[in-house]
Amino acid sequence: MSSDTASSNGALLKVDDLEKHFPIRRGILWERTVGAVKAVDGVTFEVAEGETLGLVGESGSGKSTTGYCILQLIKPTAGSIKFMDKELTELGREDLRRMRREMQIIFQDPYASLDPRMTVGGIVAEPLEVHGIGTRRSRGETVRKLLEIVGFNPNFTNRYPHEFSGGQRQRIGVARALALNPKLIICDEPVSALDVSIQAQILNLLKDLQRDFGLTYLFISHDLAVVRTMSDRIAVMNQGKLVEIGTAEQVYHEPRDEYTKALFAAVPIPDPERQRERKAERARLRQESRAARATDTTPA
């Protein structure tokens, strides 16, 4: 993608002025609303079919809440979410259930996102059962095929999640997300709970799946290196607002917003000399900032 926004003609997902406010309540016997936390505050972006949009920001910036609102796992306070030209916020329960066949999620924690009482085969087959797809036998064949695709041994379908490592569990989660052959997958910090070596394997798997199946990703992460590796474009969030969006190269090398600059300046550089230079530059900027504030407060 060469433009800062996805082409409207090719946009699979359009989010317009999305808001999600959580009320602040006080009182013991009689609760009253005294304010609201603006977790998502006026966010607008598009994702073109087949691309990966990275959504990056600090913890608490509203990234995951944005993803959950898109899937309607939590109801937004205001705004528009159009997926495949259908307004998700206006769909009834049954229409939304059918639409969810086209959009899935890979959760952050592979230890918490898999039901420990279900076998691997049951976990991956569950979406097929919920949507009434295939017979029991055909679902079993589909499950084995999906597990092979994600690099998981299909002979382990009768085992339980606790018997596997974090990377293996995340492969099970990826297979589950693929079960309904969706168009959009929201990846909510999919590798943050994994070791670095395993992270690379899962990221390569996601890239291969996107190439082979034409998937569209909204890739949510606080890891700037991971986002750069995965994304065509990057959107930066801060305190519920979208502060910058552009191509991966533009956002990394020519950030426009001051928050984006500060965010990338915090990334360690594996070069002691450059790290010392950057540290000295930050110290100089802080000193200039303090001097400017002191001048502003000096009486005339």
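This is a predicted model: local features need pLDDT of at least 70, side-chain atom pairs count only at pLDDT 80 or more; totals for chains, interfaces and linings use all residues.
Isoleucine 24 sits in strand β1, and it belongs to a nonpolar patch on the surface together with Phe22, Val34 and Val37. Between them, those four residues show about 290 Å² of accessible area. The elements giving two or more residues to that patch are β1, residues 11-26, and β2, residues 32-48.

Now, let's go inside. Which residues have the most contacts within the largest nonpolar core? That core has 34 residues, and the answer is Ile172, Val174, Leu178, Ile185, Leu206 and Tyr217. Quite a few elements put in two or more residues: α3 (120-130), α4 (136-149), α5 (166-178), β7 (184-188), α6 (196-213), β8 (216-221) and α7 (224-230). Another core lies apart from this one, with 27 residues, including Val43, Leu55, Phe83 and Leu218.

Setting aside neighbours within four places in sequence, valine 174 touches Ile106, Val150, Leu205, Leu206 and Leu209.

Last topic, the cysteines. Are cysteine 69 and cysteine 187 buried or exposed? Cysteine 69 is buried, because its relative accessible area is 0% and the cut-off for buried is under 20%. Cysteine 187 is also at 0% relative accessibility, so it counts as buried.

Note on methods: Residues are numbered from 1 along each chain as its sequence is written. Side-chain values use heavy atoms; hydrogens and water are left out. Patches are made of residues with over 30% relative accessible area and no salt bridge: like charges are joined within 9 Å, nonpolar side chains (Val, Leu, Ile, Met, Phe, Trp, Tyr) within 5 Å. Accessible areas come from the Shrake-Rupley method with a 1.4 Å probe; for residues, only the protein chains shown count as cover. A salt bridge is a side-chain nitrogen of Lys or Arg within 4 Å of a carboxyl oxygen of Asp or Glu. Helices (H or I, at least four residues) and strands (E, at least two) are DSSP runs, numbered from the N terminus. A nonpolar core is a set of buried Ala, Val, Leu, Ile, Met, Phe, Trp, Tyr and Cys residues joined through side-chain atoms within 4.5 Å. Buried means under 20% relative accessible area, exposed over 50%, partly exposed in between (1.4 Å probe, protein chains only). Contact means heavy atoms within 4.5 Å.
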